[in-house]
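Please read them with the coordinates open.

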Amino acid sequence: RPNSDAPRIWGVLVTYQRPSVLASTLSSLRAQTRVIDELVVVDNGSEDAVRRIADDTGAHYLAGHGNIGPAGGIALGMRFVLERATAGDWCLLIDDDDPPSRDSAVEELFGFAKDMLALDEFAAGVGLVGGRYSRRSGQMVRVDDDELRGPVRVDYIGGGHLPLYRCDVLARIGVFDSRLFFGFEECEFGLRLGRHGYRLYVDGDPWRRDREAKGRMNLTPADLRTALDTAAWRRYYSLRNAVVLARRHGGAVAPFVVATGG
């Protein structure tokens, strides 16, 4: 890098048994106007094909040695980053099957992150889409359409929406909870950040435009319900982890409400 003192962006990408999809996403990342300085590919399938793709693109390759889930893979990648990052660096999370939608996405997000940190020293991270958490009910809450203007405070950054976190905060608070395996790991982390006084932000204007483009304005609670045909293992982890979140971060009745589907 021309300026070795400039903050770096470390990327953590977890993949599982889809090397062709990974290769396509890595190609999209290389086309970004602000490239990721160091990319870590965590392979939960431990495939030779994935190792070759990572090596060919100059990424760091980490084998999960079994499927440790998104939560475990992200935690493994974050720990690798923290052993090498400096205090001013940032950690970007990327889904292997959900590349940035435009070539300027990382540049715009990084600019927003720096702007928010200049305004709020407790800004710990940003992303494209976030949500809120009801401590009374233990449920995720959608941010109202009318709020999507300017910086929007959220409790967590949604997975697949380019969460970008400060490395110095990760070093203080810790990494994702690998015990969750799958589901709500990003929400648990965001709530943990909040308990330590840190804040997360999303730029409301592009968020609103994205909702409009996808026809996702004015949705009702019924529109947001999980499909009944969701795989059984996904339903299991969703319920288990929702109860874990309610016990850690919810109010007195939240675990009961979640467990009984209320």
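1. Asp168 has 15% relative accessibility and counts as buried, where buried means under 20% relative accessible area, exposed over 50% and partly exposed in between (1.4 Å probe, protein chains only). Asp168 forms a salt bridge with Arg166, with 2.8 Å between the closest N and O atoms; the term covers a side-chain nitrogen of Lys or Arg within 4 Å of a carboxyl oxygen of Asp or Glu. Arg166 is buried as well, at a relative accessible area of 8%.

2. On the basis of these notes: the model is predicted, local features need pLDDT of at least 70, side-chain atom pairs count only at pLDDT 80 or more, and totals for chains, interfaces and linings use all residues. Residues are numbered from 1 along each chain as its sequence is written, and side-chain values use heavy atoms, with hydrogens and water left out.

3. The whole structure holds 18 salt bridges. In one of them Arg179 meets Asp177 at 3.0 Å, N to O. Arg179 is exposed at 62% relative accessibility, whereas Asp177 is buried at 8%.

4. Another salt bridge joins Glu212 to Arg208, with the closest N and O atoms 3.4 Å apart. Both residues lie in helix H7, four residues apart, about one turn of the helix; helices (H or I, at least four residues) and strands (E, at least two) are DSSP runs, numbered from the N terminus. Arg208 is buried, with a relative accessible area of 19%, and Glu212 is partly exposed at 43%. Elsewhere, salt bridges that share partners link Asp177, Arg179, Glu188, Arg192 and Arg248 into one network.

5. Which charged residue is buried yet has no salt bridge? That is Asp155, whose nearest side chain of opposite charge, Arg135, is 4.1 Å away. Asp155 sits in the loop between strand S8 (151–154) and strand S9 (156–157). A polar atom of the Asp155 side chain lies 2.7 Å from the backbone nitrogen of Tyr133. Leaving out residues up to four places away in sequence, Asp155 touches Gly131, Arg132, Tyr133, Arg135, Gly190, Leu191 and Leu200 (contact means heavy atoms within 4.5 Å).

6. Three strands make an open antiparallel sheet in the order S7-S6-S9; two strands pair if DSSP finds at least two bridges between them. Strand S7 (139–141) and S9 stand at the edges with a single partner strand each, so one side of each has no neighbour in the sheet. Strand S6 (residues 130–134) and S9 run antiparallel and are joined by two bridges. Gly131 stands opposite Tyr156 in S9.

7. Strand S1 (residues 9–15) is mostly covered, with seven of its seven residues buried. One side carries Ile9, Gly11, Leu13 and Thr15, and the other Trp10, Val12 and Val14. S1 runs parallel to strand S4 (residues 90–95), with six bridges between them, and Val12 stands opposite Leu93 there. Six bridges also join S1 to strand S2 (residues 38–43), again in parallel; Leu13 has Val41 as its bridge partner in S2.

8. Helix H8 has 18 residues and reaches 25 Å from first C-alpha to last, close to the 26 Å expected at 1.5 Å a residue; the expected span is 1.5 Å times one less than the number of residues. The buried residues of H8 are Tyr237, Asn241, Ala242, Val243, Leu245, Ala246 and His249. Their cover includes S6, S7, helix H6 (185–195) and helix H9 (254–259).

9. Gly251 lies in the loop between H8 and H9 and is partly exposed, with a relative accessible area of 29%. Gly251 and Ser137 are 114 residues apart in sequence but 7.7 Å apart in space, C-alpha to C-alpha. Apart from neighbours within four places in sequence, Gly251 is in contact with Arg135 and Ala246.

10. His65 has a positive phi, near 55°, and lies in the loop between strand S3 (60–63) and helix H3 (69–82); His65 is exposed, at 70% relative accessible area. Phi of Asn218 is also positive, near 60°. Asn218 is in the loop between helix H7 (204–213) and helix H8 (232–249) and is exposed at 66% relative accessibility.

Terms used: Lys, Arg positive; Asp, Glu negative; His and termini not counted. Polar contact = N/O pair within 3.5 Å; in protein donor to acceptor, adjacent residues only side chain to side chain.
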